[in-house]
Amino acid sequence: MNRRVCIVTGTRAEWGLLSGIARELKNTPGVELHIVATNMHLMHRYGHTVDEITAAGFDISATVPMEVPTDSPADTARAMGLCISGMADAFEAIRPDMVVILGDRYEMLATASAASVMRIPIVHIAGGERTDGAIDDSIRHAITKLASLHLVSTEEYRRRVIQLGENPGRVINTGAIGVYNAMAIPQMSRQEIEQSLGMTVDSRTLVVTYHPATLDDADVASRFRALLEALDRFPQSNVIITYPNNDARGQVIIDLIQQYAARYPGRVVAVPSLGYRRYLSVLRHAGAAVGNSSSGIIEVPSTGIPTVNIGIRQEGRLAADSVINCGDSTEEIAAAIEKALSDDFRSLAASVSNPYYKPDTLRLSVDAIVNTPIESLSRKSFHDLTFDI
């Protein structure tokens, strides 16, 4: 068997999820692995994280720049146009048998659009999920309709993908690859972490990741300032803040992060990207994760610490009991952080069951990518459900 598999990645977090699958595919006889890097990976202000991919021993088959002057919605749409054009060039050169993409970001919709028009089967990871507070929700479902093979994180999400008209035989509940990684990746020691960050990391430390909620009409600066004011109420807690993705209005958050870190040297560290291994390692030693990232819902519960999930961005996601949902005000966020850092809740979080966990996620994912007959993915028909309306 010879199979040319192309993985497309656009962000640091996404590559962290995909890297284990990529390594297994790279070491599988008969598989020719290609990696295409785009979007944030190629931007220096976000850490130029394509370097992390090559440092891990992977070759980059193509890069697709899609940087635009601003993070306005209009420029985001223009960036998608650049991505479609660049992906067409990359796929024409690589000639992959299938394209593997993860999640719900706009560059993945552009990637899926190019692959679909070029009749390249798409493997979509993490479909069927709900995030009612972000445009990502619509993007995710659109990618589902362009894809032919679906690797989903829970049985509930499998049912939703089938409900969207997908063939049940091509919708596989693998569990979440991020949870598998959180359990399997060798961790950095506390000493290594503290040396790399220049700060103490302990059971009071807060790890903060906050993205714009793209369906929230409120001013993103006001939303984020409310979070920073809540953090001010915990002066005994060191704070690690990572940059948001380059969604529309994300630069506003980055500016506020930089100002906040400058105000509290030694207590607050701002980093464009922790890197996936360091991020998971920090979580093992920290007090709680705070923000509105999907990681707080999916991976963090398997590290044994609480999550404070703020606002509407992740509404609709299945979540473990260690996730505290709260509103956007300073008072609500501060109350949720206080609860998360309490001994009782930390004890609960240490033993919680994560609904996204399956012990054989990596094997199930790689087997599906390697062994599903390509010819069965080349054409798809709508799978009707039988029910009365």
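I started with the largest cavity, which has a volume of about 710 Å³. For me a cavity is a set of points, on a 1 Å grid over the protein atoms alone, where a 1.4 Å probe fits but cannot get out, and lining residues have an atom within 4 Å of a point. Points are joined across faces, edges and corners, and the volume is the space filled by probe spheres set on them. I found 40 lining residues here, and A13, E14, L17, S294 and S295 are the closest to the centre.

A note on the source: this is a predicted model, where local features need pLDDT of at least 70 and side-chain atom pairs count only at pLDDT 80 or more, while totals for chains, interfaces and linings use all residues. Residues are numbered from 1 along each chain as its sequence is written, and side-chain values use heavy atoms, with hydrogens and water left out.

Which helix gives the most to the lining of the largest cavity? I got α1, with 4 residues. Helices here are DSSP runs (H or I, at least four residues), as are strands (E, at least two), numbered from the N terminus. I sorted the lining into 13 nonpolar, 18 polar and 9 charged residues. My classes: Ala, Val, Leu, Ile, Met, Phe, Trp, Tyr, Cys and Pro are nonpolar, Asp, Glu, Lys and Arg charged, and the others, Gly among them, polar.

Next came the second largest cavity, at about 100 Å³. I noted 13 lining residues, with A289, V290, G291, S293 and G296 closest to the centre.

Then I turned to pockets, open sets with protein on both sides within 12 Å along at least five of seven lines. The largest pocket has a volume of about 520 Å³, and G16, S19, G20, R23 and I185 are the closest to its centre of 21 lining residues.

Last, I checked α4 (residues 106–117) against α5 (residues 136–146): their axes come within 10 Å and cross at roughly 20 degrees. Axes are lines fitted to C-alpha atoms over the stretch in contact, with angles from 0 to 180 degrees between N-to-C directions. The two helices are therefore roughly parallel, a label for angles under 35 degrees. Among the contact residues (heavy atoms within 4.5 Å) I listed L109 and A112 of α4 and I139 and A142 of α5.

Conventions
Angles under 35 degrees count as roughly parallel, over 145 as roughly antiparallel, 65 to 115 as roughly perpendicular and the rest as oblique.
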